[in-house]
Amino acid sequence: QVQLMESGGGLVQAGGSLRLSCAASERISTIDSVGWYRQGPGKQRELVATITSGAATDYADSVKDRFTISGDSDKNTVYLQMSSLKPEDTAVYFCNAVKRIYGLMRTYWGQGTQVTVSS
């Protein structure tokens, strides 16, 4: 079972930056993909960004050119660097890992970290 722990959330003014961290209990090179999702007040959880074990990345249109996802294999940690933050980025941000185990894709979630962007 992959355990994930997010950190780095907080309160920031619009236009500011934050870096979220997702520490995994396993080597991220053994995880098929790690992603960041978010759930704003009264909204459904949505994909923000993903990175595969091959370092391919993908982003939601709403965060392209503002957010960057990256991985550090030595620390088994995936980061989400967020810049030019907007009030609509306010949400709980969750780390997600997808790993193939015995031919089945298994999904794991962290507990989430709150990001609040004030106007």
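Reply: What follows is a walk through the aromatic rings and their surroundings. This is a predicted model, in which local features need pLDDT of at least 70 and side-chain atom pairs count only at pLDDT 80 or more, while totals for chains, interfaces and linings use all residues. Residues are numbered from 1 along each chain as its sequence is written, and side-chain values use heavy atoms, with hydrogens and water left out.

A search of the whole structure finds 2 aromatic pairs, where rings of Phe, Tyr and Trp (its six-membered ring) pair if their centres lie within 6.5 Å, and planes under 30 degrees apart count as stacked, over 60 as edge-to-face and the rest as tilted. The rings of Tyr37 and Trp109 have centres 5.0 Å apart and planes at 70°, so this pair is edge-to-face. Tyr37 belongs to strand 4 and Trp109 to strand 10 (residues 104–109), 72 residues apart; strands here are DSSP runs (E, at least two residues), numbered from the N terminus.

Trp109 also forms an edge-to-face pair with Phe94, at 6.5 Å centre to centre and 85° between the planes. Because Phe94 lies in strand 9 and Trp109 in strand 10, this pair ties together parts that are 15 residues apart in sequence.

As for covering, Phe94 is buried at 10% relative accessibility, whereas Tyr37, at 21%, counts as partly exposed, and Trp109 is partly exposed at 35%; buried means under 20% relative accessible area, exposed over 50%, and partly exposed in between (1.4 Å probe, protein chains only).

Finally, the charged end of Arg45 sits over the ring of Phe94, 3.7 Å from its centre, a charge being over a ring if NZ of Lys or CZ of Arg is within 6 Å of the ring centre and within 35 degrees of the ring normal.

Technical notes: Helices (H or I, at least four residues) and strands (E, at least two) are DSSP runs, numbered from the N terminus.
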